[in-house]
Amino acid sequence: MKVLVTENLRIDLDTELYECRHCGTELVSARESYKRGLLVYNRDPREIHKPLLDPSKYPRNYSPNPDWCRILEYYCPKCGTMMETEYLPPGHPPLHDIELDIDALKEQWKDREEVLEAPIGNAPPKRKAHGHCGHNH
Amino acid sequence: MTNVSNAFDEQKVLAKFLEENTLFHAPDPEIMEDHRVGARNEMEESVLSKGMDPHLVNEVRGRLLAALDESNTMIEQMGAAPGAKWGDIVAAIFTANGDLSMISPHGVVGFAGCCHYPIKFISKYWKDDPTVGIRDGDGFIHNDARYGGIHNTDQSTIVPLFWKGKLVAWLSATIHEGENGACEPGGMPAAAESKFDEGLKMSPFKIIENFQIRRDLQTFLQNSVRDPKLQYEDMKVKLHSVLRLRERVLKVLEEFGEEALIGTLRKNLEDVEVEVRRRIAELPDGTTRVVAFPDSTLRENVLMKFNLAVTVKGDRMLLDFRGSSPEFLNRSINTNQASFKTILLTCFLQNIWPDLPQTLSILSPMDFIFDEKSVLNGSFDTPQAMSLIPLFKAMTLPTIPMAKLSYMLPHRYTSIVAPQYDQPATLIYGGLTQHTEQVGNFCADINGNGQGGRANADGEHSISPPFAAMCDIGEMELIEEEIPIVRLGAFTLAKDRVGFGMYRGGLGYEQIATTRGTGFWGFMTGCTGSVFTPSQPLFGGYGPPVYPLCKIRNIDIFEKLKSAPENINFDIIDLMNNQPIEGATYSTHDMGMTFELVQPGEVYMICQGGGSGYGDVLLRDPALVAKDLEEELISHETALDIYKVIIDPVTHFVDEIATKELREAERRARIARGKSFDDFIQEWNTAEPPAYLPYFGSWDDRNVIYGVSNGQRIRMDGDKLNSMFMPNPKDVLIGELQAELSRARLELAKFGV
């Protein structure tokens, strides 16, 4: 029995391991932070949120200040999928963002059917519009 | 025995004396710290213990919702405040105990959620007070968030509903009025350094008798604000909307009887609480966490930590905010826990369980923990006029930890969504209009925030504010008729300024504004997120960028448009980078700006922000990237550098083979540059925040909080926080300039000058 945890992670309840959902690689014990099973990169935020205003003219230019804000990118060590990102001040310890009670999880899922693909929730109803020839107005 | 008896009697006398001679009825912690629905009263117990016909409940509930919707529409159609016209309003009905049972379906649940605090205050302190009392035909007014409320711009009219001489329910109408006589126009003064700078501070008091507004009190209120016409008009709007609601509910009582009404109101609360407990119980036991780092007090740049751990155990949920920044004694961005919790209700209803009825009992199965004197749990004396800074964060903060708890469920109540852009990005204004009326308020652009990316779709552009799904951004032409703001560029989506991801956030739009036809006008803005990204992303996406305030000053744009209009393209990036207007002063700033006067024709520019991204950018369908490019939502550079999609610049066709190769190469590059987590934290983690950062909140230990005192960093125990007092930014600047001058003089002295 495998339980989906995020878009990128699942837990194998039998082996008690986190796995990458994209390549199936076993990452780390589900009783630890999944981040210990991933690779990390300290990204300068200006590489993602580029200075759209001329930085030689303007100190505020749509790019985060790299002395205040960094992006930690977490990759699957096997397939290179970016599984998590977090914006932190330099040196701030990464969050232990998912800490599940694995024994309670096993108990909870013993009577549930395995979910292989995450369901999609209901979308709000679309506005009904007058339409013809393939367009609405 | 005699001595003991005497002491007991004295104690009773003292207690009676204190009860009858309370100096001041400040907000009551018993009320303000209790977010739960109270116990059934006698009538509710009598009705519900017999059981209720669900068809009857359904019919009564439908009638009440229709009545609430009608009242909400009345407020929207008649209200004078910009907030009223575009949906920052609500009509609501409460049980006789004061618990919020139903709101108008299009209303702002947070406004109504806050009203149960003043209703409980009125019931506790004014009901039996011989100088006040509660009678049929009475109505109360209230705006001070310390007694319950989001912030002091919102004014509520609260009316008891009597049936055959008995109080059976409470009704309310609330509008974000804006202007309230604060030290800056518009009611949200970032410049407030104490609560006495915040303008009107109405604890709940009676202003309506015999269904009429008392003219003497109305005059006092009009005399206390910049916009006396607005104050009067909207007091009447709220009263008559509530009176219409009263008529409709009385009809329900006539037709179905009091048991049906009382039972339905209470059952609505209890049924929702049962359902929320069931939904919590189906989540896994465990803890998920998130942090946010607002980067400004709106007066200076600081980095505050807002810390949230969500723990589920069985059918209970704990939201733990300990470890967050301490409060500020002389900055207005504090909030109190009652306001904060009510806005968390908004987050759950807008992002997590939008299918649930909008009642207060959603919070009943939840516990909350705050540090005392935290910026999220500010004490009575702290200014809270710009509480929107923590409150807007509360509107999105739980989405990430809740997504990490609920992703595994076999079914979903809505699509999982990354955080919406969560800043009030709008121009706040004040001055004399072209009709020579004094006003102070905000533009409805506050309602145009981009949604976060979703599990199955991109976020919607500029969809709503994070506090209400149904608000609108208004018609600029109508606004220009009333106030002297001219929009030179509006509703153009801000290209490339969004959270990228497998599903990107929805974009915000540019606001380019100036003023004309007035000799006295000014703007302010009140956002964080110009240095540190405002929202965290979800599941490997990126957050939105940061957003500056841009200004073009010392020119009259209208004169320039007369002579050479073809030179000016109203696009923020183009205007600021190419500087097409000669002689103008171009500058960028934090989006937190206290009120400043503006000359006609000077240009102020901000963006409504984009939502966070959902999932890895390399998983985004290349066809969606090409579509974004074609719709000018992103640049070619973003398509190539971020999404690694190769698109022909002319035809916009995707080169699928080359894209696949480029993406594979990027995956290999990630693996090559990434370090193992254990090695990484050895070099990354620091024992405390960098010395150069004005950092407030916990770092690696939730119980150790960093703050500032007399300009020096201090460490505090989480359970013994001190309030922080910030120096005046102008004094800081003067000190820096004096030091610079001294250094220059010393240098000159070396040359004998």
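How many bridges join strand E6 (residues 70-75) of chain A to E7(A)? The answer is in the first legend. This is a predicted model, in which local features need pLDDT of at least 70 and side-chain atom pairs count only at pLDDT 80 or more, while totals for chains, interfaces and linings use all residues. Residues are numbered from 1 along each chain as its sequence is written, and chains are lettered from A and ligands numbered from 1 in the order in which they are written.

**View 1. An open sheet of 4 strands runs E7(A)-E6(A)-E5(A)-E22(B), with antiparallel pairing.** E6(A) and E7(A) are antiparallel and joined by 6 bridges; strands are DSSP runs of E with at least two residues, helices are runs of H or I with at least four residues, and both are numbered from the N terminus. Two strands pair if DSSP finds at least two bridges between them. Tyr75(A) has Met82(A) in E7(A) as its bridge partner. Helix H18 (residues 656-673) of chain B packs on the sheet and touches E5, E6 and E7 of chain A.

**View 2. Chain A touches chain B through 65 residues of chain A and 70 residues of chain B.** Residues are in contact if their C-beta atoms, placed from the backbone, lie within 7 Å. On the chain A side, E7(A) gives the largest share, 6 residues. Elsewhere, E8(A) pairs with strand E8 (residues 286-292) of chain B in the antiparallel sense over 3 bridges. Ile98(A) stands opposite Thr288(B) in E8(B).

**View 3. Strand E5 (residues 166-176) of chain B has 8 of its 11 residues buried.** A residue is buried if 20 or more other C-beta atoms lie within 10 Å of its own, with C-beta atoms placed from the backbone. Strand E1 (residues 89-95) of chain B is joined to E5(B) by 7 bridges and runs antiparallel to it; here Phe94(B) stands opposite Trp170(B). Strand E4 (residues 154-163) of chain B is also antiparallel to E5(B), with 10 bridges, and Thr157(B) has Ala173(B) as its bridge partner. The hairpin of E4(B) and E5(B) has 2 residues between the strands, and Lys164(B) takes a positive phi near 55 degrees.

Methods
Two residues are in contact if their C-beta atoms, placed from the backbone, lie within 7 Å. Axes are lines fitted to C-alpha atoms, for helices over the stretch in contact, and angles run from 0 to 180 degrees between N-to-C directions. A residue is buried if 20 or more other C-beta atoms lie within 10 Å of its own, exposed if 12 or fewer, and partly exposed in between; C-beta atoms are placed from the backbone.
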